[in-house]
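Take a look at the chain shown here. This report walks through its charged and aromatic side chains.

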Amino acid sequence: MKMKRHHGVRTVRVVPAVLLLLLLLSITASAKRRDPLTDAEIDQLREVAMEPLKRLQLYIKFADVRLTTIALMRDDPKQAEGRGKKIHDLLEDFTAILDEINDNLDQYQGRPLDQESRKDFRKGLKEVLKAGAHWETVLEDLKSTTESNAQIKREAAEFRFVLQDAQDALKSSVDMAKEYSEGKDPEIAPPPKKK
């Protein structure tokens, strides 16, 4: 009997130590995650928090900046040092921004909006679809460059998987925007009562 108790006491002491170790590892992992948006971009989004069209336009602009930066970096020999890691990070940011676009599409599609806001949301869907077609071309171009350019091919080991993630996320965003633009609008919110 005493051995079982002793063994149980030791197990009880080990469990908190393991839990503490897991907690520290998760804190360390979350501390290493970068925010895909700059402080200035976050401030811009706060200013248009209740305007679906302007929010979508900002996210589109932020995503464009990431892909434009990748294209400029890819073609600049002066940017060769650490380029694979930088492209990796920019692609991760791009994918996170696409996730935000999806969240915004879901949020505004599901809520009753007044007629003007619904019209703006529809316009935003069109802009997401237009941008998506452009982004698809840019990502395909990057992928083909990893097969044709020897330097980029070596660097692609650092970003190949996040490039595929970005392409998958883009397909999801475009599919969602198509579905919402072809679908029936939810009920239109009644105008506010005048006092």
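## The negative patch

Which helix gives the most to the negative patch? Helix H4 does, with four residues. Keep in mind that this is a predicted model.

The negative surface patch is formed by Asp99, Glu100, Asp103, Asp106, Glu179 and Glu182. Two helices, H4 and H7 (160-182), each supply at least two of the patch residues. Take Asp99 as one of the members. Asp99 sits in helix H4. Its relative accessible area is 39%, so Asp99 is partly exposed.

## Aromatic pairs

A pair of aromatic rings is described by the distance of the centres and the angle of the planes. The model has three aromatic pairs. In one of them, the ring centres of Phe94 and Trp135 are 5.4 Å apart. The planes of Phe94 and Trp135 stand at 90°, so this pair is edge-to-face. Phe94 belongs to helix H4 (residues 83-110), while Trp135 belongs to helix H5 (residues 115-148), so the pair ties together parts that are 41 residues apart in sequence. Are these two residues buried or exposed? Both Phe94 and Trp135 are buried.

Tyr108 lies in helix H4 and Phe121 in helix H5, so the pair ties together parts that are 13 residues apart in sequence. Tyr108 and Phe121 are both buried.

## Salt bridges between and within helices

How many salt bridges does the count come to? The count is eight. One of them joins Glu41 and Arg66, with the closest N and O atoms 2.8 Å apart. Glu41 is in helix H2 (residues 39-47) and Arg66 is in helix H3 (residues 52-75), so this bridge ties together parts that are 25 residues apart in sequence. Glu41 and Arg66 are both buried.

Other bridges stay within a helix. Arg46 pairs with Asp43, and their closest N and O atoms are 3.1 Å apart. Both lie in helix H2, three residues apart, about one turn of the helix. Arg46 is exposed, because its relative accessible area is 59%. Asp43 reaches 39%, so Asp43 is partly exposed.

Lys171 counts as exposed because its relative accessibility is 51%. Asp175 has 36%, so Asp175 counts as partly exposed. Elsewhere, salt bridges that share partners join Arg74, Asp75 and Asp141 into one network.

Conventions
Residues numbered from 1 in each chain as written. Predicted model: local features only at pLDDT ≥ 70, side-chain atom pairs only at ≥ 80, totals over all residues. Heavy atoms only, no water. Phe/Tyr/Trp six-rings, centres within 6.5 Å; stacked < 30°, edge-to-face > 60°. Buried < 20%, exposed > 50% of the residue type's maximum accessible area, 1.4 Å probe, protein only. Patch = residues over 30% accessible without salt bridge, like charges linked within 9 Å, V, L, I, M, F, W, Y side chains within 5 Å. Areas by Shrake-Rupley, 256 points an atom, 1.4 Å probe, with all protein chains shown as cover. Salt bridge = Lys/Arg side-chain N within 4 Å of Asp/Glu carboxyl O. Lys, Arg positive; Asp, Glu negative; His and termini not counted. Charge placed at Lys NZ, Arg CZ, Asp CG, Glu CD.
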